[in-house]
Amino acid sequence: MTDTAEAGATVRAAKPVTRPARPFFSSGPCAKPPGWSADKLAIEVLGRSHRSKLGKTRLQYCIDLMRKVLQLPDTHRIGIVPGSDTGAFEMAMWTMLGARPVTTLAWESFGEGWVTDAVKQLKLDPTVVRADYGRLPDLNQVDWTNDVLFTWNGTTSGVRVPNDEWIPADRQGLSFADATSGVFAYDIPWDKIDVATFSWQKVLGGEGGHGVLILGPRAVERLQSYTPAWPLPKLFRLMSKGALADGIFKGETINTPSMLAVEDAIFALEWAEGLGGLNGLIARSDANAAALDRIVAERHWLGHLAEDPAIRSKTSVCLTVKGADADFIKRFAGLLEKEGAAYDIAGYRDAPPGLRIWCGATVDTADIEALGPWLDWAFEETSRS
Ligand SMILES: Cc1ncc(COP(=O)(O)O)c(C=O)c1O
């Protein structure tokens, strides 16, 4: 704390002078890449058909860039689908589940959302394995004769899976990873992943609206050999006339995409390539998370919701604030927003009251560092009021 007592009076800490240059710390949609501006996007394709030669070329280019930056092996397909990450993950659930027993793992609200889908909508009677916010369940207990659904990085609890060792190479079931706040921030072991999904709005700082669906060979085999009992809306159909709709993985989207969102994703991916690709993105995220960790370590009133560093997110970092309830956090975050010092840092509505500070690659480390004194100031101001 920065109070000093002078002649019996308490002197209020001065407001910090330096604001983060880009105070965008939202966990989705996340900060745009440094240097981004709308007028830097290629717009030749706008107003043209997405099925024109140009449209398809840009969609294919976006897919190629994603493959390259993700270091996705040729064994895996990657396509652009509707409905952001939710659309991509539900598409996978609806098209592939039901063939064998299902286990759903949940340690925060999005994983819990997939539990709800499996239980209440698909009525699959899954085995549900849960952990409280800030923790992981015992992953070694997972029964891999089942299809297994999990979130690589729990955006609302700041908990990630520590590695892939708990996913056996000879699994019978399929692994379904909601990896929306994990891709481009961690090295994903693609041979352990049968299905992965994400949206551009997270680590790339792109737009929502579209999801990205990644399918390994065993997922494709499932699609080709199994037809679910329930009806599938057109938006979810990955099979056409008995065969995989392979065009989806070559830029022939199911329905009309936003080419503006595609161009925006291309901008972010080219920026990523300029950093050296995946390793460059990971290095930025790691540096941000380390800078925030230093801030936390220096303050007795701040802590990590995920106490174990091995499972702590390097993107959506969730913090506890001593003595804070939901109202305190609202006022705290509101003050910083009003000051233009930090936007969108209140924790997720279903999470325990606290802060959530995005440390993905599009955030600059200097901005995380500049945030520290502002957190002190807001804590003091909020505690007084
Ligand atoms: C882990 C996770 N899953 C799913 C979603 C939903 O993503 P979208 O809104 O892109 O569909 C989010 C969004 O924050 C998320 O963090």
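This is a short tour of a predicted model, from its overall build to a few spots on its surface.

## Overall build

Let's start with the whole chain. The protein is built from eight helices and 16 strands. Its radius of gyration comes out at 22 Å, close to the 21 Å that the globule rule gives for 385 residues, so the protein is as compact as a globular protein of that length.

Along the principal axes, the C-alpha trace spans about 85 × 50 × 30 Å. As for burial, 57% of the 385 residues count as buried.

Lys56 has a relative accessible area of 34%. That makes Lys56 partly exposed, because the label covers values between 20% and 50%.

## Asp143 and its loop

Asp143 is found in the loop that links strand S5 (127–130) with strand S6 (147–151). With a relative accessibility of 37%, Asp143 is another partly exposed residue.

How far apart are the C-alpha atoms of Asp143 and Lys202? The two residues are 59 positions apart along the chain, and 30 Å separates their C-alpha atoms.

Key
Residues are numbered from 1 along each chain as its sequence is written. This is a predicted model: local features need pLDDT of at least 70, side-chain atom pairs count only at pLDDT 80 or more; totals for chains, interfaces and linings use all residues. Side-chain values use heavy atoms; hydrogens and water are left out. Buried means under 20% relative accessible area, exposed over 50%, partly exposed in between (1.4 Å probe, protein chains only). Helices (H or I, at least four residues) and strands (E, at least two) are DSSP runs, numbered from the N terminus. The radius of gyration is taken over C-alpha atoms; the globule rule is 2.2 Å times the number of residues to the power 0.38.
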